[in-house]
Amino acid sequence: TWELDLFGRVRRSVEAPKADIAAEEENLRDVLVTLVAEVARNYVELRGVQQQLLVTHNNIQSQQQSVELTDARFQAGLTSGLDVAQAEAQLATTQSQTPTLENAQRQSIHRLGVLLGQLPETLLSELTPEHPIPPAPPEIVVGLPSELLRRRPDIRRAERQIAAAIARVGVATADLFPQFAFSA
């Protein structure tokens, strides 16, 4: 049979699934944007933790020298035992931060592995060496606010969902009118 599409029922019934497919494609783009943002955030967090760990190691070395100097001054009778105890306590406090930062580093590498669909062990050798935090781009071109909104996948998905709903309304409206079908 062949249906004469005078009121647009067939055309609208084809438009609705096409708009649904376009909405799902925008949903996929939305998920990809979210994934890329999470990977970038976790990578910057990892490099930040590594920088904190580097500073902590440098502080430990400085504080060990301070303990040695304070102890030498105590041995010479220039300071009291309280100064030595305070220097040792400060060194112990700084040393206690190291395991927390190392754990945060491992967790960041693990999160990156999960986000990238890899085992964390494969990224461990690549991400363990310390590197600086990547700089932000000097300028981000945004353009007009309306253009920014048009680039957002969630806005485009909602647009396509509305188009599908309008097409379904068109099908329902066309169903109110008579249908003309021819058979061979």
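A crossing of two helices is called left-handed if the near helix is turned anticlockwise from the far one by less than a right angle, and right-handed if clockwise. The legends below describe a predicted model, in which local features need pLDDT of at least 70 and side-chain atom pairs count only at pLDDT 80 or more, while totals for chains, interfaces and linings use all residues. Residues are numbered from 1 along each chain as its sequence is written, and side-chain values use heavy atoms, with hydrogens and water left out.

**View A. Helix 1 and helix 5 in contact.** The axes of helix 1 and helix 5 (residues 153–174) come within 8 Å and cross at roughly 165°; axes are lines fitted to C-alpha atoms, for helices over the stretch in contact, and angles run from 0 to 180 degrees between N-to-C directions. Helices (H or I, at least four residues) are DSSP runs, numbered from the N terminus. Helix 1 and helix 5 are therefore roughly antiparallel to each other, a term for angles over 145 degrees, and their crossing is left-handed. The residues of this contact comprise twelve nonpolar, four polar and twelve charged, where Ala, Val, Leu, Ile, Met, Phe, Trp, Tyr, Cys and Pro count as nonpolar, Asp, Glu, Lys and Arg as charged, and the others, Gly among them, as polar.

**View B. Gln161 in helix 5.** With a relative accessibility of 41%, Gln161 counts as partly exposed, that is, between the limits for buried (under 20% relative accessible area) and exposed (over 50%), taken with a 1.4 Å probe and protein chains only. Gln161 and Ile21 are 140 residues apart in sequence, yet their C-alpha atoms lie 9.4 Å apart in space.

**View C. Helix 1 packed with helix 2.** The contact between helix 1 and helix 2 holds 18 nonpolar, 17 polar and seven charged residues, and the crossing of helix 1 and helix 2 is left-handed.

**View D. Thr93 and Thr94, both in helix 2.** Thr94 has a relative accessibility of 8% and counts as buried, whereas Thr93, at 46%, is partly exposed. Apart from neighbours within four places in sequence, Thr94 is in contact (heavy atoms within 4.5 Å) with Thr56, Asn59, Ile60 and Gln63.

**View E. The buried face of helix 3.** Within helix 3 (residues 120–127), Pro120, Leu123 and Leu127 are buried. Seen down the helix axis, the buried residues of helix 3 fall within an arc of 65°, so they line one face of the helix; the arc is that of the directions from the helix axis to the C-beta atoms. These buried residues pack against helix 1 (9–75) and helix 2 (81–116), while Glu121 and Ser125, on the other side of helix 3, are exposed.

Methods:
Helix = DSSP H or I, 4+ residues; strand = E, 2+ residues; numbered from the N terminus. Parallel < 35°, antiparallel > 145°, perpendicular 65-115°, else oblique.
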